[in-house]
Amino acid sequence: MNDFPPELIDRISSFLEHDDLKRTLFVSPSFQVASERHSGAFNSFTFRNNDVDSKAFLSTYSGRRLPYLRYIEVHTDFPSLQPWDAYPDELPCRESQDELLAKDESFTKQVQSVFVTIKKAENEASLAHYGSGKTQLTILTPIRWVDPSFCRHRVSSAWRVHLLRPQDLPKLSSIRALSICNPEVSTRRDGDRCAITRLDWRVLVDVASRLPNLEYLGSRLGIEEWRLPDVDPTRRHFEYDFEGGARDSRVGFAKALGEMLLPATLRNVQLDFLNDLEEHLHAEEGGGPNLVSPATYDLFSSSLRSLASNLRRLDLRLKADSALFWPAQGGADASFPNLEFSNIMFHPMTPSGSWYFHGFDGEGGHDIGYPVTDNMYPPLDSSNPRDANWHFKDILGIIISPHCFRKVPNEDTMHAFLEAFAKAAGNMHALRAFSLWSPLAYGSAWGIAYARPGEQATLYSPSEDFSSSRQLWWKVGRWRPSASLHKLFQHIGRVGYGEELIEHWNNEADDSGWTDQETFIESLAAFPAWSTYPAWKRL
């Protein structure tokens, strides 16, 4: 057996069942390597307790097994709040500045520890002349278990957690995919409540900048991004996302993208900043916070465009304006030279607080955003009796449905947004498919999709797979674009594939006006829907 070529042994082992692989484990060193590779036993690792898990990781992967590793999941947390640790009546309802800094330090140390551990394994594998592998790293935002005797303000904190000193993280060559996500956890553990942390969005950029071979960047973030209905004051009080923190997180992300150099290997981006889309109610009356001012355009939207030059696939769920697609201040045209698939789900509210939709009779069409001031941050270290009194309210009881009426595009905001996208898409000469859509109330959706000739239909209804013509789907109710805007969309793909174009308006069999969100969620322009955390399908 020792004379068998390792390549042949590896090929034979790839066809063996798990029990057969166990039997070949000790036949020879070559069979042991092949058995370990194909058994899947070393494909994944989870960090929960850094001190214990770091030792286990190094003992397992500091050598030939590192290339077998395909997935690393990192669970981060903060110390639980229990009556034997702190007396509930003596702890202020709100967090202090020192507590917030301690959270930042704790999260930073946990991430730092994992990076240092992986780097040690990479160095050991390199010294032994083994490859570093291709691994996905998923970091879950911190949770904290809180005994119900503590004020509920300790469960629903609107302050963001930050990664400090990102430049101190060692660079990891083995990580090809990165996801940072809210964890999927139960709401209670032995009666405790689970506090899920809001993460400062620039953490995505800070961590990605330390991964020189990164090909995929994903996220599933956002807590109470939808505006809570004013008719439920208790829910609003505890779960409200204060405007100052939301604005600062967007601006910080944009600043980080301007400062950091992301790896040129990055090809796929899947960023979901509206993680609680399906679970959280939203209100449609009045304007929202102006997250743009004092700038004249959304810096967050504009910064994402800077990722475009090398991307093959772009999948976003966010609140955005036209700067996402086209330079707001003139200059060179937007360039997406290599983009093949684009799926953009945009919030029906603009970043400046106005809306992309109004009611059938124009209701809400002139609603504008309100300014974000220095007073729009959570209180610090509050022992205000009024804060304590909220704890005894009838918390999170019956949810009162808000007044939802926005179904018709608002030309004052929608035209510029669609025009910017169509102009950019007209320059995407590698584009194979796109979907651009917005979720509306009660599970409905509004949007537009495209497929180049020879592709599967982007939307399943109506569908014409592998058509010899370009195709456009208009799931837009009874709204119709202006002649100039329609012409821009008809131009998409024309340079490469000629004049022939099939346009599907709503559902030809049932002209009811709108479609359901699943139509776009299952769009072939989108990444596949994952049951857990965003993943790199090649892994």
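How many helices and strands does the secondary structure of the protein chain come to? The chain has 14 helices and 21 strands, where helices (H or I, at least four residues) and strands (E, at least two) are DSSP runs numbered from the N terminus.

Before I go on, please keep in mind that this is a predicted model, in which local features need pLDDT of at least 70 and side-chain atom pairs count only at pLDDT 80 or more, while totals for chains, interfaces and linings use all residues. Residues are numbered from 1 along each chain as its sequence is written, and side-chain values use heavy atoms, with hydrogens and water left out.

Let me start with the whole chain. Of its 539 residues, 55% are buried, a word that stands for under 20% relative accessible area, with exposed meaning over 50% and partly exposed in between (1.4 Å probe, protein chains only). If we take contacts, meaning heavy atoms within 4.5 Å, between residues at least 6 apart in sequence, then 82% of them join residues at least 24 apart.

Phe357 gives us one place to look. This residue belongs to strand 14 (residues 357-358), and Phe357 counts as buried because its relative accessibility is 0%. Phe357 lies 51 residues from Val408 in sequence, yet the two are 5.1 Å apart in space, C-alpha to C-alpha. Leaving out residues up to four places away in sequence, Phe357 touches several others, among them Phe346, Arg406, Val408, Met414 and Trp446.

Now turn to Glu122, which sits in helix 5 (residues 97-127). Is Glu122 buried or exposed? Glu122 counts as buried, because its relative accessibility is 5%. Its side chain makes a polar contact with the side chain of Ser174 at 2.6 Å; a polar contact is a pair of N or O atoms within 3.5 Å, where, within protein, one must be able to donate a hydrogen and the other to accept it, and residues adjacent in sequence count only if both atoms are side-chain atoms. Beyond its neighbours within four places in sequence, Glu122 is in contact with Leu66, Lys171, Leu172, Ser173 and Ser174.

Finally, a word on surface. The accessible surface of the chain comes to about 24,000 Å², and 51% of this surface belongs to carbon and sulfur atoms; such areas come from the Shrake-Rupley method with a 1.4 Å probe, and for residues only the protein chains shown count as cover.
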